[in-house]
Amino acid sequence: MVVETQERKEVPKTVHVSVPHRAQPAGTVLLRVFRYNPNTKDEPTMVTFRVPVTKGMTVLDALLWAKEHVDPGLALRYSCRMGICGSCGMMINGEPKLGCETQIAELGAATVEVGPLPNYPIVRDVATDFTDFFSHHRRIKPYLIHKDNGGLKPVEREVLQTEEQKLGYYQFTMCIMCGLCDAACPIVAMDQEFLGPQALAQAYRFAADSRDEGWPERAAIADSPHGCFRCELAGSCSAVCPKGVDPALGVQLLKREVLRRRFRIGGFLVKAPARRQRSRL
Ligand code: SF4
Ligand code: FES
């Protein structure tokens, strides 16, 4: 599908509801969905669908039910439906979450409100444009750089690493690039050039990898005016990560690494602790 990049759009405070609230029949949920097409002059609205709830139904399932049975024009993005691809980030009752990992039952609410992730331009309805997000990720060079492979050719010889060295960055490899952390970040909201918690945590992931020799190139980006020192440690990025990654920690460790190398302070990279996965219903 070809999409055009649009300006970031605030979710409207005043919205139109197409179905009035009332006690809904047992086994159903009211799904209020943000609808907006930036290619038209129409204002954003909220449209309500009454969706029959089945055991284990996720918010993504409910949206797909509405799309299949009521409104085929509803736009959303998803792929794996199992919390792997990172495509289905959306605001669910005011919090950034993965639609495919959030069960209707766990929300414990008669009404579920769904909208696009903030801090991203809206493509249409719940679908947002990740062009800047992916571009920030590419800028930090998210791959191992080795002197033997200046042209990014595969390294011919085996590059060994101990278990302890691996644990220095391992939790950051669990990132699925869902972008929820950037959606929750107040600095991303103010500064569209800010690299954001996802990209900066990944910069640390590669800086902390004993096989990597790309620090000078990566540091020039991480230590730029829109780099790691723009972070004010709100911590909201880590609070919303669905994979138990702690991007706020990654950004702070990156700051420390920048200073350590800038002032040639000795010491070792601290092992980033593994985070506990969130329990699911
Ligand atoms: S750090 Fe977590 S919230 Fe951020 S993109 Fe990666 S998986 Fe998503
Ligand atoms: S559809 Fe892949 S993470 Fe939700």
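**Close-up views of a predicted model**

**View 1. Both R205 and D209 are buried.** Here buried denotes a relative accessible area under 20%, exposed one over 50%, and partly exposed a value in between, with a 1.4 Å probe and protein chains only. A salt bridge joins R205 to D209, with 3.0 Å between the closest N and O atoms. The term salt bridge requires a side-chain nitrogen of Lys or Arg within 4 Å of a carboxyl oxygen of Asp or Glu. The model is predicted: local features need pLDDT of at least 70 and side-chain atom pairs pLDDT 80 or more, whereas totals for chains, interfaces and linings use all residues. Residues are numbered from 1 along each chain as its sequence is written, chains are lettered from A and ligands numbered from 1 in the order in which they are written, and side-chain values use heavy atoms, leaving out hydrogens and water.

**View 2. R262 and D223 form a salt bridge, their closest N and O atoms lying 2.7 Å apart.** This pair links distant parts of the chain, as R262 belongs to helix α10 and D223 to the loop between α8 and α9, 39 residues apart. R262 is partly exposed, at a relative accessible area of 44%. D223 is also partly exposed, with 30% relative accessibility. Elsewhere, R35, D71, R124 and D125 are joined into one network by salt bridges that share partners.

**View 3. A salt bridge connects the side chains of R124 and D125 (3.9 Å, N to O).** D125 is buried, with a relative accessible area of 3%, whereas R124 is partly exposed at 31%. The structure as a whole contains 15 salt bridges.

**View 4. Helix α8 spans residues 215-222 and has W215, R218, A219, I221 and A222 buried.** Viewed down the helix axis, these buried residues lie within an arc of 160 degrees, so they line one face of α8; the arc is taken over the directions from the axis to the C-beta atoms. P216 and A220 are exposed on the face turned away from the buried side. The buried residues pack against α3 (131-139), α7 (196-207) and α10 (247-262), where contact means heavy atoms within 4.5 Å. Helices (H or I, at least four residues) and strands (E, at least two) are DSSP runs numbered from the N terminus.

**View 5. G235 lies in the loop between α8 and α9 (236-240).** G235 is partly exposed, its relative accessible area being 26%. The C-alpha atoms of G235 and A248 are 5.7 Å apart, although the two residues are 13 apart in sequence.

**View 6. The surroundings of ligand 1 include C175, I176, M177, C178, G179 and L180.** C181, Q198, C241, P242 and P247 are also among the surrounding residues, each with a heavy atom within 4 Å of the ligand. The shell consists of nine nonpolar and two polar residues, with no charged residue. In this classification Ala, Val, Leu, Ile, Met, Phe, Trp, Tyr, Cys and Pro are nonpolar, Asp, Glu, Lys and Arg are charged, and the others, including Gly, are polar.
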